[in-house]
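Morning, everyone. Let me put the model up, and then we'll walk through a few residues.

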Amino acid sequence: MSNAYEEYMKQMVLPMREELTRAGFAELTTPEAVEEFIEKTNGTTLVVVNSVCGCAAGLARPAATQAVLNSAKKPEHLVTVFAGQDKEATAKMREYFEGIEPSSPSMALIKDKKVVHFIPRHDIEGMPMETVMQNLIGAFETNC
């Protein structure tokens, strides 16, 4: 990949990254950051596997941020990895999604290092944003 292409992509996805970081999600951009976070963190964590696709923009990111804002119970930690951009970090995070096929965008609720709820792309794409949001809120209510 050329440096010009890489720089263009970094600039293009910046607003997509910021949508989650402004809402309090920490970006994990390296496999080492993912491993350190998962291994040292207890409690509940919402992981958003971010993506450039339309269903991430119109559904996944808004549903995740609104679910966190509108739920009485919330995960203790909010993190994100960016599929297609931070490839190694995303691959490392997916290692913790044991038995779950890779999906982008997707969301995982992890409790004490185990996935307790997972929303793959096929449960995001084509759904009303409120449905995806309620799916997350239900998982928060049960697991947080």
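This is a predicted model: local features need pLDDT of at least 70, side-chain atom pairs count only at pLDDT 80 or more; totals for chains, interfaces and linings use all residues.

Residues are numbered from 1 along each chain as its sequence is written, and side-chain values use heavy atoms, with hydrogens and water left out.

Cys144 is partly exposed, at 28%. Buried means under 20% relative accessible area, exposed over 50%, partly exposed in between, with a 1.4 Å probe and protein chains only.

Next, Asn50. Asn50 sits in strand E2, residues 44-50. Strands are DSSP runs of E, at least two residues; helices are H or I, at least four; both are numbered from the N terminus. Asn50 is buried, at 2%. Its side chain reaches the backbone oxygen of Met16 at 3.2 Å.

Last, aromatics. Rings of Phe, Tyr and Trp (its six-membered ring) pair if their centres lie within 6.5 Å; planes under 30 degrees apart are stacked, over 60 edge-to-face, the rest tilted. The whole structure has one aromatic pair. Phe97 and Phe118 have ring centres 5.5 Å apart and planes at 65 degrees, so the pair is edge-to-face. Phe97 lies in the loop between helix H4 (87-95) and strand E4 (106-111), and Phe118 in strand E5 (residues 114-119), 21 residues apart. Both are buried.

Key. A polar contact is a pair of N or O atoms within 3.5 Å; within protein, one must be able to donate a hydrogen and the other to accept it, and residues adjacent in sequence count only if both atoms are side-chain atoms.
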